[in-house]
Amino acid sequence: MWVVGVGYRQGYRDPMGENTKSDILGLGPYNINDVRTLQTYVIDGEIEVTEAEKIGKELLADGIMQYFSFSRFSGAGEHVKKLAGAKNAWVVEVFFRPGVMDPVGLSVAKAIGILGVRKVKSVRTGTTYVIRGELDESEIKAICEKCLANGLIQTYTYRRI
Amino acid sequence: MEARQIKILGRSEKELLEISKKFLLALNAVEMKKLQAYYQKLGRDPSDIELETFAQTWSEHCVHKTFRGVVEYKGERINNMLKSYIIKATKELAMPWCVHVFEDNAGIVTFDDKYNIAAKVETHNHPSALDPYGGAGTGSGGVFRDVMGVGAKPILSTDVLFFAPPDYPAGKLPQGVLHPKRLMKGVVAGIRDYGNRMGIPTANGGFGFHEGYVGNPLVYAGCIGIIPKDKYVHEAMPGDKIVLAGGRTGRDGIHGVTFASLELSAESEKTSSGAVQIGNAIEEKRVLDGQLKARDAHGKPLYSAITDCGGGGLSSAIGEMGKKTGVKVWLDKVPLKYEGLEPWEIWISEAQERMILAVPEKNVEEVLEIFRNENTEANVVGEFTHDRKLTLMFNGKSIGEMDMEFLHEGIPKVERKAAFEAKEKKDPDLPDSQNFGDDIKAILSSPTVASKEWVIRQYDHEVQAKTVIKPIQGLGGPGDACVLRPVYDDYRGIVVSNGYNPRFAGDPYNMAMSAIDEAMRNNVCCGGRRIALLDNFSWGNPEKPDRLGALVEAVKACHDGSLGFRAPFISGKDSLYNEYSLGGAKETISIPYTLVVTAVGIIPDIRNAVTMDVKETGNLVYVIGETKDEMGGSHYYMTKHADGGKIPGVDVGKAKEAMDALTNAMDKSLVRACHDCSEGGLAVAAAEMCFAGELGMKIDLRKVPQQKLKKNYKLLFSESNSRFLVEVEKMKAKEFEKILGMHALKIGEVTAAKLIVTGLDGKAIVNEKTEDLKKAWQKTFDW
């Protein structure tokens, strides 16, 4: 399993992050500085490093405004550490529950095949939020439930980095 | 996998109800007993799949038990409200341009001598309450498929959405309910992604905000399509194969239909997770392309009937299609997303993006090839027979067999009692003021009226390049209707508009009349005529007499309004049981009774279409229609936290006459701008016209035709129906007046940069810069 994260480069706006920040502040006066987002793709299949790189570069990230990073999937939040450059942040990952349709994932899986990379069984998509600010655990939990994830169709994990 | 027998023979009523509850069938005691009697005669118990089939086919969603049932109301016995009122009016009008109404997935009317228009509006309320993004997206996908289900090509998506106000205090939210702002963002994103990805313009719609929607947001998704006249087929023949095209089947949306017949509670989240689906617009686009090729490959479509899989999945689609013939279905031939589905799950799954085609055997290979070329799956999953039986097979074994007749006609009619008394609330008669500038701004900023640019800019309303009059008109103002030019070599156009006002719900008859009037006048504003209407009710629990009584009142209004305006209803839908219990209370609260009327009109030449922005200083401003003391449900009282007053009624005869005259004047190019008066009345309509044109207006309330009103605020803000503000060039004034006669009176003229209103005592009571009004209008949804 590989995980590819795609986010906006420093200096470029992250509209979804800004939007999320305003939504969080709409919930209450939380002490947050900023929110950055990463589109996250968990790729299930035996692929090579070069292939993972190719997928990130040619398919998932816009080379001008976005960066991508990939690593073997070792659990929630792990891959974000080095690329977000964030310290003192909460990392929240939101994925669909098993069984919920993930049309973007299906399309990505198809596109990976067209790129010439075989052996990919499935792709699940999710969103990673990097939230910087002074928040305690109960606050981040409330934010996850009220704003970032719909418990009915999504699961979330959070960790501090 | 084997089908289970469910023991219902010899069970008591209580036990039967427990079975219904255990399997989430949503069948009531009378229905369960009818089934029991049916199987008693057969001398066997039903299998699980048979019971599920009945539950789906007999669900409120599929047969409209309430509308087709018997209602006792004020000493009257109404047998089938739909037939006795709404369809009756359509039949009486007998318009030659109504081609197929109230029979297929969508209503069909003629467009010109080559094409027909298909129109459909549906609700997707419950799923959107649970997962706004997925719920609204699949709502759009579903209504597009309804239009595809008559063989037409979707050319317009229209959506009307109702939420609690976006600034609703989070602390007051009932448990398990998503905040309205989050709901709205999710719903808009769902509609955006589905429409934009499929390449269908979302160029029309509306919003309503009311605290009463806090537990039950309403999502109305509509679609207009176009089909060549000779391409409509709807007769499956014995021997035809059943082809299932599109997406694979999973556990998506199982019990979505029966779930729609239950009230929501905080528990809904847990018991109904299967009811939530996420759409795949790209898949639906592939299916659409495939079916259009199958339709147009030769002179005649390669299929003999087509329908979509919507509520109830295969069970409803195939069951309905084979009603007159009989069908045999091989459920093991249905391609699955994953292993492990029970046959009954395959049968009722509401997996999205699937169409059913009845294909004569000689065409099967060609049809399958067409879909393969579009990169989507198509498989033969059964055949039409002539035994008038529904036979379900799995791995060569029969696992269910039902009589089509009993399945479709056997449902016991519900008999319900209705009671409704309109309670007229006394008008609070507020003190008048000297300056109404801030009041106008307050209404302009209220969520229902405020600019929806934030939403509109997310929707692609240009794709397909047919949109002539767009949602934002002039230099930024709210349009009344959208005008499409569906065929490039013709100037003929389609005009689509909506009408609704949940603040009038206290008087359901006049609420419905007002909705019809608003839909009509919005359509007329842009140049529409020969209007067909669609009704969509969202209501509370019809088992409660007051809710049902209110529904009867609204349905009666539909009949009267339809006849009066000579505008037939061609299709409709209802979503009942929109109730929610607060804090575990036993009494549930109904949403404000909501009727959305969608009007589909024709304009012979789109070059004569009119927009609402004022065009030129020096032009004259006319008002059409009388302003009455009808402040009930008004936005002015809402912003003043006042209650009471008369809910606006409609004088249909007069309204129809005025609208016809206005249309006539438009055809003679006498009208530069036209806007209707709705929320916020005359004052807000004038303000919107001003800032849309970035000009001003000077009007005199003393000249406004009215009924003994002595207060300025009532003249400014009364929401009386059937009124328009019209801009006319001076040199055309005479001709305009001649055509409109008594209906129009001159009240002022177009000026630069300011809205100035002279009050009843001759003093200026509004003196506002246009740009300030616009700012007030724009700030609310500056998200």
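A crossing of two helices is called left-handed if the near helix is turned anticlockwise from the far one by less than a right angle. I note at the outset that this is a predicted model.

**Entry 1: a helix pair in chain B**

I looked up how helix H19(B) passes helix H22(B), and the crossing is left-handed. H19 covers residues 508-525 of chain B and H22 covers residues 652-667 of chain B; I find their axes 10 Å apart, at an angle of about 15°. H19(B) is therefore roughly parallel to H22(B), because angles under 35 degrees count as such.

I then listed the residues that make the contact. H19(B) contributes Asp517(B), Met520(B), Arg521(B) and Val524(B), while H22(B) contributes Ala655(B), Met659(B), Leu662(B) and Thr663(B). Sorted by class, I record five nonpolar, one polar and two charged residues in the contact of H19(B) with H22(B).

**Entry 2: a sheet in chain B**

I traced an open sheet of seven strands in chain B, with mixed pairing and the order E10-E12-E9-E13-E11-E14-E15. Strands E10 (305-308) and E15 (397-403) of chain B are at the edges with a single partner strand each, so one side of each has no neighbour in the sheet. On average, neighbouring strands of this sheet are turned by 25° against each other, direction ignored.

Within the sheet I checked strand E11 (residues 327-330) of chain B, which runs antiparallel to strand E13 (residues 378-384) of chain B and is joined to E13 by three bridges. Opposite Val327(B) I find Phe384(B) in E13(B).

**Entry 3: a helix on the sheet**

I finally looked up helix H13 (residues 313-321) of chain B, which packs on the sheet and touches several strands of chain B, among them E9 (241-246), E12 (354-359) and E14 (389-394). The direction of H13 makes about 155° with that of E10(B).

Technical notes. Residues numbered from 1 in each chain as written. Chains lettered and ligands numbered in written order. Predicted model: local features only at pLDDT ≥ 70, side-chain atom pairs only at ≥ 80, totals over all residues. Axes fitted to C-alpha atoms, helices over the stretch in contact; angles between N-to-C directions. Helix = DSSP H or I, 4+ residues; strand = E, 2+ residues; numbered from the N terminus. Parallel < 35°, antiparallel > 145°, perpendicular 65-115°, else oblique. Contact = placed C-beta atoms within 7 Å. Nonpolar A, V, L, I, M, F, W, Y, C, P; charged D, E, K, R; others polar. Pairing = 2+ DSSP bridges.
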